[in-house]
Amino acid sequence: MTGRVVLGLVVLGVAAAPLLGHQYYTTLMLPFFGYSLAVLGLNLLFGYTGLLSFGGALFVALGAYTAAYLTSVFGVLAFEGIVLAAAVVGFLVAIPVGLLCVRYVRIYFGMLTLAFGMLFYSFLFKFYHLTGGDEGLRVLRPRLFGLAFESLDKVQFLTGPFYYYSLALMVVGTAVMWRIARSPFGLCLRSIRENPGKAEYVGVSVRRYRFYAFLIAGVFGAVGGTLLAVPTGLADPLLAYWPHSGTLVFMMLLGGFSNFFGPILGAFVFIFLQDQVMSLTQYWRFVFGLILAIVVIFVPRGLMGFLDPRQRAGV
Amino acid sequence: MATTRRQFLELVGGAAALATARLDTAPAFAQATPVRMGVLTIKSGIGAQVGEAGLRSAQWTTDRINKAGGILGRKLELVVEEESTPKDTVERFRKLALQNKVDVITGVISTGVSLAIGPVAEELKMLWISWDGTTQKGVEETMPNPRYSFRSTDNECEAVMASIVVAKNWKGKFRTVAGINPDYSYGRDNWQAFLWIMEKYGNPVTPVSDLWPKLGTTDFTAHVAALQQAKPDLIFSSHWAGDASVLMKQAHAAGLVGNTKFVFVVAGGVHETLKKSFTPEGMFLGYNTIYFDYADASPLQKQFVKEYNDRYKEWPVFECERAYLVTSAYKAAVEKAAKAIGGKWPTTDQVIDALEGLELESLGGKARYRKDHIPECNFYGGFTTYKNRFDFVTIDPVVKMTGPEVQKPSGVGLKDWIQSWKV
């Protein structure tokens with residue numbers, strides 16, 4: 001009950017953020033919504049299934065490029081269509097990639113997902129005529145529920161209608177993921193994480209369930225990518241580059257992969273910490289490396305390990 | 001609460017002091033608030049050396065402006081943020097505009113990043129004057145009529161200059177060519193411009209190899225082997241960072257230096273790393289918009305070069321000129337606009353109007369902002385020599401070409417422009 005109240009208050013607080021008048025920090029919440037969806041998907045693979053993917057950026061970039069292609073090449077501006085298309089593209093690409101990757105576990109799975117991510121990065125970088133190469137592709141301002149909001153400038157659009165649209169999408173995505181994680185399917189995934197041999201023995205089709213988890217992560221990553229692309233206005237190959245996959249893993253570890261809300265908290269803290277540290281020092285990557293080392297060594301349960309008393313007690 | 005006689009006299013005295021203040025020294029707005037200039041520059045990775053040089057120059061220019069009384073009496077202050085990926089740099093740009101509330105944003109080196117920044121500057125109605133980033137896609141402009149974005153010179157200017165000089169000086173002396181350029185739009189633009197200009201000059205060349213190492217590569221073993229295999233008469237490269245000297249070192253070690261002609265269109269940007277021990281004499285070396293050891297340099301350049309070297313024990317590179325141009329152009333535009341409206345502090349739109357067509361002296365000589373918000377600057381290059389007091393190569397004689405000689409006019413495609421030349 002307390003958890004639900006806290007959750008409700010958090011959502012209300014996030015919904016009220018644009019009213020505080022800090023336009024910049026409101027725009028900074030937009031990548032948070034996108035990353036939240038992406039890391040929720042990634043955590044279904046890692047936190048629930050025990051598969052650490054270093055190819056998360058592949059699906060984020062797929063979503064961003066879907067938005068770019070639809071808006072600037074095909075003239076499709078309906079954001080509902082863009083999100084749906086990104087989900088479908090993420091799903092379709094996840095099928096062959098997932099079929100190959102889930103045959104392996106541990107470092108082999110991680111390396112294979114990394115390889116597919118880099119393959120896509122190379123494709124984006126090299127196929128100039130299709131992808132715009134290093135220059136990327138423009139992502140035009142979308143329409144929300146058929147409305148263009150022409151009277152609003154881009155910042156007003158981002159901090160107004162688009163903000164609430166993204167927030168709603170994130171809340172819905174989180175609710176869907178919550179249901180998945182709490183379903184018998186989610187329980188099977190956890191059993192696979194704990195002991196795949198035993199899971200197989202009691203009738204869980206381990207490879208098939210891993211594959212399903214991979215598909216869901218792909219869809220969440222791609223939808224998150226569309227939310228990232230609109231505020232930037234550009235889809236560029238660096239979205240698919242391996243450090244971006246590392247960023248997603250960092251968010252997950254920072255917030256705590258063993259808690260459902262950990263990756264979301266990790267995304268939030270990462271974005272706002274990066275914003276502050278980047279302004280303070282050019283050695284911000286060093287600072288983040290240090291933070292990662294501290295988290296892994298001293299706080300393996302991430303920030304949620306501190307905040308959640310049950311996790312603190314090791315339950 | 002009643003006002004006492006003492007308080008009343010203090011108020012009257014204060015008002016009188018304000019009324020009799022000298023108005024010719026600084027207008028009324030010259031009170032406490034400084035002018036805030038946002039700067040976005042690369043601070044890590046392969047471009048950090050260039051980014052740091054630009055930042056040093058921007059600071060030098062700012063100090064110089066402030067020593068001379070600031071801009072219309074207001075001190076100039078830099079707010080520096082890092083240029084990194086397009087996504088992160090867009091967020092830094094928004095932070096400078098919305099949170100730091102700067103008056104103008106300068107900087108940005110990468111065209112990949114500029115392509116994202118340009119539309120955001122227009123959306124935010126934020127004046128952005130780029131150091132080195134363009135909004136070109138390939139060799140063509142994507143923002144022909146921006147309002148708030150002032151870009152850098154076209155990507156291929158240095159290649160145009162190098163190609164013209166090479167075509168004139170080495171005509172008939174090479175037939176097979178190989179390109180080794182960084183694998184992104186800048187490298188591709190330069191290689192394309194070179195081939196078109198060779199064709200225009202009636203210098204038919206046969207490309208025997210075009211290699212595209214990733215920007216920042218430090219192992220050229222495979223590329224150098226491919227060049228050895230191709231045996232070109234001339235090797236053309238537009239590497240501009242530390243990788244240029246690495247390439248030269250490895251080419252030298254592989255025995256490529258000697259019979260092959262080299263054209264490095266912009267490696268003058270890291271000229272101190274091109275040591276005599278491995279860099280040949282007689283290769284073409286482009287320096288972009290400033291040559292640090294130019295005998296006919298202006299007193300301004302000489303002062304800058306001396307002070308820069310005294311302070312950092314290095315010789316300045318082209319990003320210094322870009323940062324100087326942009327910082328001083330903003331000051332000149334504000335003063336020009338203010339003059340037109342009777343000394344008041346101008347609005348952003350008035351500064352933009354003043355910037356269009358503005359002519360000023362930059363470190364590399366006279367510069368001008370065209371109506372399409374692209375500057376025209378002088379470009380420098382020449383053939384390398386060991387006859388100097390340094391342990392790295394310099395050029396002699398120094399070739400200087402003006403902006404209109406190396407940059408396509410507004411609204412004209414690069415190929416059409418080259419085709420229109422009378423050679």
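Strand β16 (residues 379-385) of chain B is joined to strand β17 (residues 394-401) of chain B by six bridges, and the two run antiparallel; strands are DSSP runs of E with at least two residues, numbered from the N terminus, and two strands pair if DSSP finds at least two bridges between them. In this pairing, Y380(B) stands opposite K400(B). Strand β12 (residues 284-288) of chain B is likewise antiparallel to β16(B), through four bridges, with F284(B) opposite F383(B). Because seven of its seven residues are buried, β16(B) is largely enclosed by the rest of the structure; buried means under 20% relative accessible area, exposed over 50%, and partly exposed in between (1.4 Å probe, protein chains only).

The model is predicted: local features need pLDDT of at least 70 and side-chain atom pairs pLDDT 80 or more, whereas totals for chains, interfaces and linings use all residues. Residues are numbered from 1 along each chain as its sequence is written, chains are lettered from A and ligands numbered from 1 in the order in which they are written, and side-chain values use heavy atoms, without hydrogens and water.

In chain A, F120(A) and F123(A) lie three residues apart in helix α5 (residues 106-126), about one turn of the helix. F120(A) is buried, at 15% relative accessible area, whereas F123(A) is partly exposed, at 30%.

| Charged residue | Ring | Distance from ring centre |
|---|---|---|
| R188(B) | W212(B) | 4.4 Å |
| K261(B) | W170(B) | 4.9 Å |

Terms used
Lys NZ or Arg CZ within 6 Å of the ring centre and 35° of its normal.
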